[in-house]
Amino acid sequence: MDDPKHVKEKLFKVIIVGDSLVGKTTFVHRYVSGKFDPGFKTTVGVDFALKKIQRSEDDIVRLQLWDIAGQERVSSLTRVYYKDASACVIMFDITSRKTFNSVMNWKKDVDKKVTLSNGNPVPCLLLANKIDLPNPVVKEDEIKNLSHSQDFLGWNKISVKDNTNIEHSMNFLVDEILAQTTVVREMSYSEGRVDSDGRIVVQEQNNKSRLLSCCS
């Protein structure tokens, strides 16, 4: 049996924000339990979940996921909800132009109310949910341009219902959180996995973007 004294646990808070009905609660449930439950009611205030990730035999990451209601951006309580966040996920519904247009306001709200301990913005991942539905109204180029203009860490298209790109996107975010805690910033994805379709776009500090492929 491993000596528990040698096991290193890291706890990080991740806030999940976006308009109501974009799928934040089902996203958290899918990520934590691996199950899809469309029966969730609209979140009021904030819900919590915990995800344990075994990085290695001696390294455990615990994510405290804060699922924040879509109405909360206009509330003064968001500053309390955002406090001590290590990263954020901003979601929208790819079949709803309104939820996409709200992304910029959510990002500005997060940037205004919380920073990392070194003063840098909290890394945010932009996720376009419901790609399982027909007739998306938001194009990939629009998502990519918004990701660049608002300094998102990256973006991805997902389906909570079909479990498409959920684990991959969150693993990517966890790697970035861990990189933020080290002196030398290292990317865990190799240059050889570049995909011209650019499902995840990493915005580097020199404003050059790198495209990282998604799981097929």
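Student: What makes helix H6 mostly covered?

Tutor: This is a predicted model, and in it twelve of the 15 residues of H6 are buried. Among them are Ile166, His168, Phe172 and Ala179.

Student: How do you know that the length of H6 agrees with its number of residues?

Tutor: H6 covers residues 166–180, and at 1.5 Å a residue its 15 residues should span 21 Å. The C-alpha atoms at its ends are 21 Å apart, so the two values agree.

Student: Why is the link between Cys88 and Cys124 called a disulfide?

Tutor: The cut-off for two cysteine sulfur atoms is 2.5 Å. In Cys88 and Cys124 the distance from S to S is 2.0 Å, which is within 2.5 Å, so the pair counts as a disulfide. The structure holds one disulfide. A disulfide is a covalent bond between the sulfur atoms of two cysteines.

Student: What makes the disulfide of Cys88 and Cys124 right-handed?

Tutor: The torsion about its S-S bond is about 120 degrees, so the disulfide of Cys88 and Cys124 is right-handed.

Student: Which parts does the pair tie together?

Tutor: Cys88 belongs to strand S4, residues 87–93, and Cys124 to strand S5, residues 124–129. The pair therefore ties together parts that are 36 residues apart in sequence. Both cysteines are buried.

Student: Why is Leu127 called buried?

Tutor: Leu127 is found in strand S5. Its relative accessible area is 0%, and the cut-off for buried is under 20%, so Leu127 is buried.

Student: Which residues does Leu127 touch, not counting those up to four places away in sequence?

Tutor: Leu127 touches Phe27, Val89, Ile90, Met91, Phe92, Asn156, Ile158 and Ser169. Ser169 is 42 residues from Leu127 along the chain, and the C-alpha atoms of the two are separated by 8.4 Å.

Student: Is Asp93 buried or exposed, and how do you know?

Tutor: Asp93 has a relative accessible area of 8%. That is under 20%, so Asp93 is buried. Asp93 is found in strand S4. Leaving aside neighbours within four places in sequence, Asp93 is in contact with Val22, Thr99, Asn129 and Lys130.

Student: Why is the meeting of Arg62 and Glu9 called a salt bridge?

Tutor: The side chains of Arg62 and Glu9 come to 2.9 Å, N to O. The cut-off is 4 Å, so the pair is a salt bridge. Arg62 is in strand S3, residues 59–68, and Glu9 in strand S1, residues 8–17, so by the strand assignment this pair links distant parts of the chain, 53 residues apart. At 23% relative accessibility, Arg62 counts as partly exposed. Glu9 is partly exposed too, at 46%.

Student: How many salt bridges are there by this rule?

Tutor: The count comes to seven salt bridges. One of them joins the side chains of Lys107 and Asp111 at 2.8 Å, N to O.

Student: Why are Lys107 and Asp111 separated by about one helical turn?

Tutor: Lys107 and Asp111 are four residues apart in helix H4, residues 103–113, so about one helical turn separates them. Lys107 has 2% relative accessibility and counts as buried, whereas Asp111, at 30%, is partly exposed. The charged end of Lys107 also sits over the ring of Phe152, 5.4 Å from its centre.

Student: Why is the aromatic pair of Phe48 and Trp66 called edge-to-face?

Tutor: The count comes to two aromatic pairs. In the pair of Phe48 and Trp66, the centres are 4.5 Å apart, with 85 degrees between the planes. An angle over 60 degrees counts as edge-to-face, so the name applies to Phe48 and Trp66. Phe48 lies in strand S2, residues 46–56, and Trp66 in strand S3, so the pair ties together parts 18 residues apart in sequence.

Student: Are Phe48 and Trp66 buried or exposed?

Tutor: Phe48 counts as exposed at 53% relative accessibility, whereas Trp66 is buried at 15%. The charged end of Lys13 sits over the ring of Trp66, 3.6 Å from its centre.

Conventions:
Residues are numbered from 1 along each chain as its sequence is written. This is a predicted model: local features need pLDDT of at least 70, side-chain atom pairs count only at pLDDT 80 or more; totals for chains, interfaces and linings use all residues. Side-chain values use heavy atoms; hydrogens and water are left out. Helices (H or I, at least four residues) and strands (E, at least two) are DSSP runs, numbered from the N terminus. Buried means under 20% relative accessible area, exposed over 50%, partly exposed in between (1.4 Å probe, protein chains only). Contact means heavy atoms within 4.5 Å. The expected span of a helix is 1.5 Å times one less than its number of residues. Rings of Phe, Tyr and Trp (its six-membered ring) pair if their centres lie within 6.5 Å; planes under 30 degrees apart count as stacked, over 60 as edge-to-face and the rest as tilted. A charge sits over a ring if NZ of Lys or CZ of Arg is within 6 Å of the ring centre and within 35 degrees of the ring normal.
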